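User: I've got a model open and I'd like to talk through its side-chain contacts. Can you take me through them one at a time?

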Amino acid sequence: MSIWFGEPSLEWANSRSEHAMIRTLGIEMTELTDDSLKGRMPVDHRTRQPAGVLHGGASVALAETLASWGASFTVDPEQFYCVGMEINANHVRPIADGWVYGEARPITRGRTTQVWDIRITDEQGRLVCVSRCTMAVLATPSQY
């Protein structure tokens with residue numbers, strides 16, 4: 001059974017990133033499963049730190065992007081929207097090039113908050129970063 005509200009469009013979501021940090025970092029959402037959202041990000045000049053490995057902030061940006069879109073896809077957009085409240089991340093493996101892949105899965109989806117678990121791996125499937133993001137579920141401005 002799917003957790004998604006309606007039929008979310010990855011193409012639409014990716015197109016909304018055109019003039020945002022998401023596009024600058026090369027982040028794209030790639031797949032919806034019944035209970036997770038997947039995406040990827042290149043490890044290149046845009047996402048590396050000066051020492052030549054993936055910047056932790058870029059990993060956090062990927063994690064929050066997936067959690068934010070995932071949370072947004074689970075609510076009725078006519079009534080609600082979702083924003084990040086808190087995020088943490090543990091960076092467990094350096095990576096210098098290639099791609100990283102993220103998968104976001106909800107831990108809990110409440111009426112006013114959601115908590116998402118995001119795991120980021122390298123091309124060999126090895127864990128690079130684990131993150132947890134708390135999302136606020138807010139009424140759309142027209143609902144006040």
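User: Which residues form one aromatic cluster?

Analyst: This is a predicted model, so local features need pLDDT of at least 70, side-chain atom pairs count only at pLDDT 80 or more, and totals for chains, interfaces and linings use all residues. Residues are numbered from 1 along each chain as its sequence is written, and side-chain values use heavy atoms, with hydrogens and water left out. Rings of Phe, Tyr and Trp (its six-membered ring) pair if their centres lie within 6.5 Å; planes under 30 degrees apart count as stacked, over 60 as edge-to-face and the rest as tilted. The one aromatic cluster is made of Trp4, Trp12, Trp69, Phe73 and Trp116.

User: How many aromatic pairs are there by this rule?

Analyst: A pair of aromatic rings is described by the distance of the centres and the angle of the planes. By this rule, the count is four aromatic pairs.

User: Are the rings of Trp4 and Phe73 stacked, tilted or edge-to-face?

Analyst: Their centres are 6.2 Å apart and the planes sit at 85°, so the Trp4 and Phe73 pair is edge-to-face.
The pair links distant parts of the chain, 69 residues apart: Trp4 is in the segment before helix H1 (10–15) and Phe73 is in helix H3 (residues 56–73). Helices here are DSSP runs (H or I, at least four residues), as are strands (E, at least two), numbered from the N terminus. So, to finish on the name, the 85° angle makes this pair edge-to-face.

User: What about the rings of Trp69 and Phe73: stacked, tilted or edge-to-face?

Analyst: Both residues lie in helix H3, four residues apart, which is about one turn of the helix. Trp69 and Phe73 are both buried, where buried means under 20% relative accessible area, exposed over 50%, and partly exposed in between (1.4 Å probe, protein chains only). With centres 5.5 Å apart and planes at 40°, the pair is tilted.

User: Which ring does the charged end of Arg40 sit over?

Analyst: A charge sits over a ring if NZ of Lys or CZ of Arg is within 6 Å of the ring centre and within 35 degrees of the ring normal. The charged end of Arg40 is 3.8 Å from the centre of the ring in question, which belongs to Trp99.

User: And what does Arg40 form a salt bridge with?

Analyst: A salt bridge is a side-chain nitrogen of Lys or Arg within 4 Å of a carboxyl oxygen of Asp or Glu. For Arg40, the closest N and O atoms are 2.7 Å apart, and the partner is Glu28. This pair links distant parts of the chain, twelve residues apart, with Arg40 in strand E2 (residues 37–43) and Glu28 in strand E1 (residues 28–32).

User: How many salt bridges does a search of the whole structure find?

Analyst: One of them joins the side chains of Arg23 and Glu18 (2.7 Å, N to O). Another is between Asp117 and Arg119, with the closest N and O atoms 3.2 Å apart. Asp35, Glu103 and Arg105 are linked in a network of salt bridges. The search of the whole structure finds eight.

User: Is Glu18 buried, partly exposed or exposed?

Analyst: Glu18 lies in the loop between H1 and helix H2 (21–24). Its relative accessible area is 42%, so Glu18 is partly exposed.

User: Which residues is Ser59 in contact with, leaving aside its neighbours within four places in sequence?

Analyst: Ser59 is found in helix H3, and at 2% relative accessibility it counts as buried. Contact means heavy atoms within 4.5 Å. With those neighbours left aside, Ser59 is in contact with Met41, Leu54, His91, Ile120 and Cys129.

User: And what does Thr134 touch, not counting residues up to four places away in sequence?

Analyst: Thr134 is in strand E6 (residues 127–139). Thr134 is buried, with a relative accessible area of 17%. Not counting those residues, Thr134 touches Val83, Gly84, Met85, Glu86, Gln114 and Val115.
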